[in-house]
Amino acid sequence: MKIGIITQPLSRNYGGILQNYALQQTLIKLGHTPYTFDLRISYTWRDWAISAIKNIIKCIIGRPYKFPPTIFAVKSQEKILRSFVENNIAIIKPRIKRLTVGPILKNNLDAIIVGSDQVWRPKYNYCIQDMYLDFAKDLDIKR
């Protein structure tokens, strides 16, 4: 059975990448062919600036803070992790921002699975309704 895995973006999330790799390996051992939807997020100068301002405010009022890594450090980390993902995880391309039925139909998937508990944390997911498979409610597909 061809199974699509929906999970957190794999850009710089070590735990998410390992979880996805383990899930794919388990599905393969069970005789299935898994593919991961490659969700795209980008870390921009604006994101960094907002995070930096929040942490400066935390510093001023005496709360614990952690200054965000520079955009250059993030891009360097993403490049290394991207290499692992491309060599070890079967991905449905192209990278997408939102889930739609298009890639499911195009890749003739028989089932879709949400592959991580972290996807239901609003703090880490800007399209949480996708994780409830809202986009595929009219599809006749195993979930």
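**A buried asparagine and its surroundings**

Asn20 counts as buried because its relative accessibility is 0%, where buried means under 20% relative accessible area, exposed over 50% and partly exposed in between (1.4 Å probe, protein chains only). The model is a predicted one, in which local features need pLDDT of at least 70, side-chain atom pairs count only at pLDDT 80 or more, and totals for chains, interfaces and linings use all residues. Residues are numbered from 1 along each chain as its sequence is written, and side-chain values use heavy atoms, with hydrogens and water left out.

Asn20 lies in helix H1, residues 14-29; helices (H or I, at least four residues) and strands (E, at least two) are DSSP runs numbered from the N terminus. The side chain of Asn20 makes a polar contact of 2.9 Å with that of Thr36. Such a contact is a pair of N or O atoms within 3.5 Å; within protein, one must be able to donate a hydrogen and the other to accept it, and residues adjacent in sequence count only if both atoms are side-chain atoms. Leaving aside neighbours within four places in sequence, Asn20 is in contact (heavy atoms within 4.5 Å) with Ile5, Thr7, Leu10, Thr36 and Ile89.

Helix H1 also buries Gly16, Ile17, Leu23, Gln24 and Leu27 along with Asn20. Just after H1, Gly31 takes a positive phi of about 95°.

The next element to consider is strand E2. Five of the seven residues of E2 (residues 33-39) are buried, so this strand is largely enclosed by the rest of the structure. Strand E1 (residues 2-6) pairs with E2 in the parallel sense over four bridges, pairing requiring that DSSP find at least two bridges between the strands. Within this pairing, Gly4 has Tyr35 of E2 as its bridge partner. The chain passes from E1 through H1 to E2 in a right-handed β-α-β crossover: with the strands pointing away from the viewer, the path from the first strand over the helix to the second runs clockwise.

Two further residues concern the backbone. Asn108 is not a glycine, yet has a positive phi of about 50°; Asn108 is exposed, with a relative accessible area of 55%. Leu133, also not a glycine, has a positive phi of about 60°, but Leu133 is buried, at 10%.
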